[in-house]
Amino acid sequence: MNTLLRSAFLACVLLPLLAQAHKPSDAYLQLQVQGSHIEQRFDIALRDLERDLALDANDNGQLEWGEVHTRWNDIAQTAQQGLSLTADGQACTPGPLGSPQLDEHSDGRYAVLMRRWACPADIRQLDVGYTLFAQTDPTHRGIAHVQHGAQSDTAVLVPTAASHRFEVAAGDGPPTGFAGFVLEGMHHILIGTDHILFLLALLLPAVLVRTKRNGWQAAPQLRPVLLDVLRVVTAFTVAHSITLALAAFDVVNPPSRWVESIIAASVVLAALNNLYPVICEGRWKLTFVFGLVHGFGFASALKDIGLTKAGLALPLFGFNLGVELGQLAIVAIFFAVVWTLRDTRLYRGAGLRAGSVAITLLALGWLVERAFDIKLPLIS
Amino acid sequence: MRTFLSTLLQSAALGIALCTGCLAAPFVPQSDTEVVERLPQRIGTVEQRRQQREARERLRQQPAQLPLALQLAREALARARQLGDPRELGQAQASLAPWWSLDNPPPAVRLLRATVKQSQHDFTAALSDLNALLQAGSAAPVAVQAQAELTRASVLQVTGRWALATQGCERLAGPRYAALGDAVQLPAQACLAELSSLQGHADQAEQRLRQLAQRSGADNTWLTLVRAELAERRGDDSAQRLYREALQTPTPDVYTLAAYADWLLERGRHAEVITLLAGRDDADALLLRLAIAHQRNHDALADTAAATLAARFDAAALRGDRSHGREQARFELELRGNAAAALTHAQANWAVQKEPADALVLVRAATAAHRPEAAEPVWRLMRESGWQDARLQATPTPARAKS
């Protein structure tokens, strides 16, 4: 009794009040919210993992990399049991884990677990359930950074406590609302020089008619011209809508280098057709074929915003609507200008020819850049 | 232009603020044999650690085994004291999980809960548990009560309530606990001696502690430490011998190492500090002393150590841990030369704890910040209690006319 009591006493006699001599156990959780999915980076101290999992197989007081990565499945399981993500009341599912990696923090090395979580729909409220080491170290804390758009929230997560809610409100950063996607679509067509030049190259000769004898002449009547423009624009719209949807839903996913190169080639061909006309009647057919490729180009822009299959229909519609609105605005202004100018010698000569030559040269430059993956000076 | 510039500056500031939580790029070690982490100093043999793990596993499967839970919690607390690793406090808490949140847990659990809270600097919660164990009609066994009384006195002493602490140690030395023998009498007497040393009776206290040391026999490292600290306050050179004696164990604890390192630093013997603390920089308190020693040695390692300390303080702040006041004040004062920040930390720390080391850092920070009046609470306590400290007497005291 006495020895036991004494050792208990020693425990407390003038207890050293040296503040927390070590850094306490923290894990670092970074969650990047993008639409309906979340990129996770979870850093967990090897020292904490060693306590729970006895990683030091040869018990020499050191962890070798072999001792760590051969137990990566156990580490992953510990991490997964300690973390659950719920978006707007519906559970998100963890995707496959990235390869084993480490990082250095102020108190030693941490295992780094990266993965992507998929949630059923665009995330507005994210509940993070955190129970890491709840059984073995209730003083452990998870330092969470949740990034959504340009914003970031920080919270200290307590294991065992109720889940922590992050408001990942719509409207900041990448668009999440319908209007946001419409704007994004308009933005994309307005800054997408290649799409615009393709349309312009097709529309340059729309206000003219070509005869074998006299070459290009001003079109006498508005109605057939408008109908022709309408056919071209509609063909482009229908074609790129089809491929945009196919790519967005991951049905077809052509390599982007091919897509971008063919888009450049389509601009070259459309402009060349003005200089050396091959297809005069039914330009809309040409437009339709190349419009299919442009749709794949739009899709990559949509994916850059961070959208995946789940809950895609509405954003897709919004984005496409934006593209059409932007396109209509460009066509309307351009058409008004060229209709007025169509009867001038300047337009029929310099306007059409010089414009088409310039477009051809620029698009040829793009084609070389994109096909051979090189950077040319003076272009873009 | 101006608005543009200020917007730019604001967004730059925001970028920096956001980046305090940024994570560096992870890496993959070159080979399987590469050492990726040195585990903290470990206690016991391979076999003992295996048994510990088994015991933890048994408890995990059946958590409501009180004797096993108490054993594991005590072991974790002992390691926490030796290594200074707060993770061990978490393990102690984990072992006691089924009882941890009860309003009225079994007395042995309550005692350990108070000890964990005290170690986490949650003095209010610790005192509330200790008071409950000691109140009239408490079901706690007398041995548990004796421990509770001593722990309570320790908390009261640290927080500057010396009269209450003295009453507690007097009760401990009284007839109620006499049957427990020297196991209680020695700490009770040491407690009284130390408290009296702070209240103007340093010389008698020194003699009393020397007698107690003779009586206690071999197992008196803790008493040697108390004597060393008193010798330092008295400006007595025997402090060095006593500190060294207290360090004569296979694994000296963080507190004793830090105390001796401070004694050496006071005397400009920073090279010895570097040798003393080599390989113990995982403990913040020791890393701080090491960084100060390197800096005085004009050694580039000081910058690395200071950066690591800053990162650890940031991490502590992020998790809402404010128990680093004393260390953080010294960090600002001695490593960063930021007297104003040091004073802020020292004042916040003094509001919670009032040990001699806390007084020292407040007085020095106030002096460096040219705000001597900020140290007035220390001078008042010294005047009222009769407490003497050679280190403080070396510090120029401000005019005391105001009082």
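**Exercise 1.** At what angle do helix 6 of chain B and helix 7 of chain B pack, and how far apart are their axes? Decide how the two helices are oriented, then describe their contact.

*Solution.* The model is predicted.
- Step 1: Find the helices. Helix 6 of chain B covers residues 107-119, and helix 7 of chain B covers residues 123-134.
- Step 2: Read the geometry. The angle is about 155°, and the axes lie 8 Å apart.
- Step 3: Classify. Angles over 145 degrees count as roughly antiparallel, so helix 6 of chain B is roughly antiparallel to helix 7 of chain B.
- Step 4: List contact residues. Helix 6 of chain B contributes residues including B:Leu111 and B:Ala114, while those from helix 7 of chain B include B:Phe123 and B:Leu130.
- Step 5: Sort this contact by class. It has 9 nonpolar, 1 polar and 4 charged residues.

**Exercise 2.** Work out how helix 18 of chain B is oriented against helix 20 of chain B.

*Solution.* 
- Step 1: Helix 18 of chain B spans residues 325-336, and helix 20 of chain B spans residues 356-368.
- Step 2: Their axes come within 10 Å and cross at roughly 30°.
- Step 3: Angles under 35 degrees count as roughly parallel, so helix 18 of chain B is roughly parallel to helix 20 of chain B.
- Step 4: The crossing of this pair is left-handed.
- Step 5: Among the residues that meet are B:Leu333 in helix 18 of chain B and B:Val361 in helix 20 of chain B.
- Step 6: The contact has 6 nonpolar, no polar and 4 charged residues.

Technical notes. Residues numbered from 1 in each chain as written. Chains lettered and ligands numbered in written order. Predicted model: local features only at pLDDT ≥ 70, side-chain atom pairs only at ≥ 80, totals over all residues. Axes fitted to C-alpha atoms, helices over the stretch in contact; angles between N-to-C directions. Helix = DSSP H or I, 4+ residues; strand = E, 2+ residues; numbered from the N terminus. Parallel < 35°, antiparallel > 145°, perpendicular 65-115°, else oblique. Contact = placed C-beta atoms within 7 Å. Nonpolar A, V, L, I, M, F, W, Y, C, P; charged D, E, K, R; others polar. Left-handed = near helix turned anticlockwise from the far one by under 90°.
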